[in-house]
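Student: I have a model open and would like to talk through how its parts pack and pair. Could you take me through it?

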Amino acid sequence: MKVIICDDEEKCLKKCRKLLEECDRISRLDLNIKEFANARDLLTYCREGNEMDIIILDIVMQINGIEVARRIRKYDENVRIIFLSHCNKYAIQGYSVRAEKYLLKTSPDEFLIRELHEVLVNVTPRTPGSFIERIGKSRIKIPFEELIYVETYGRKTRMHIKDKEITSTKTMKEHTKALDDKRFGRCHAAFIVNMDYIQEVKDTEIVLHNGCRLPVSKGKKKEFLHHYLQYQLGTGHFSP
């Protein structure tokens, strides 16, 4: 479940993350939490077509949180919105954008955890997730589940999808940012792999279900293997 926090105060971002992590500990919700310190970056993220399950918004920011929510609704009618603010004077306006909750930051942590948990446990996570890729003048939406791996390809990169290959001008760093999902791992500086397609992990390479073999670099090996094991345990796909 992808949860977005947007607040221009770092201490509030950290506190909200801790509250969400406590909800996750209670009910094992497998939360994927992403933070934004300003509304403009969040709106860009929404405009790019990224899918989210819940957005927790501050009100008093450079762009008022109510206005941010209105703009988000133009891109996503279904995402759940929770306002978490220092003041309650915008509460009525909050519900005009179909907010699930309007919570005060000054409330006790126990109350905030209970209120957030109530929303979280009643959300069905969207599947499978997707990202937007520019092909010439067109923009196409590619589901995460269809992307097998990404590799460097000269000065460009190449995406291997179930039924085709797409050459991209994105850098590997940009792909890593776009593929903001636990199923993707960086096994090598030149490769990002969808771990759902891994059949076997060997000492220096990965074998995919389609027979492709991808290298595992020494520098990435320890971090990648830890990520892979945690992902497999979390999804229930791990087999010894």
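Student: What's the handedness of the crossing of helix 1 and helix 5?
Tutor: The crossing of helix 1 and helix 5 is right-handed, a crossing being right-handed if the near helix is turned clockwise from the far one by less than a right angle, and left-handed if anticlockwise. This is a predicted model, in which local features need pLDDT of at least 70 and side-chain atom pairs count only at pLDDT 80 or more, while totals for chains, interfaces and linings use all residues. Residues are numbered from 1 along each chain as its sequence is written, and side-chain values use heavy atoms, with hydrogens and water left out.

Student: And at what angle do the axes of helix 1 and helix 5 cross?
Tutor: The axes of helix 1 (residues 10-27) and helix 5 (residues 109-120) cross at roughly 60° and come within 9 Å. Axes here are lines fitted to C-alpha atoms, for helices over the stretch in contact, with angles running from 0 to 180 degrees between N-to-C directions. Helices are DSSP runs of H or I with at least four residues, and strands are runs of E with at least two, numbered from the N terminus. The two helices are therefore oblique to each other, since angles under 35 degrees count as roughly parallel, over 145 as roughly antiparallel, 65 to 115 as roughly perpendicular and the rest as oblique.

Student: Which residues of helix 1 and helix 5 make the contact?
Tutor: Helix 1 brings Lys15, Leu19, Leu20, Glu22, Cys23, Ile26 and Ser27, and helix 5 brings Asp109, Leu112, Ile113, Leu116, His117 and Leu120, where contact means heavy atoms within 4.5 Å.

Student: Switching to strands, what order does the open sheet have?
Tutor: The open sheet of three strands runs 13-14-15 with antiparallel pairing, and two strands pair if DSSP finds at least two bridges between them. Strand 13 and strand 15 are the edge strands, each pairing on one side only.

Student: Which residue takes a positive phi in the hairpin of strand 14 and strand 15?
Tutor: Gly211 does, near 95°, in a hairpin with four residues between the strands. Across this pair, Val207 has Arg213 of strand 15 as its bridge partner, and Glu205 stands opposite Pro215.
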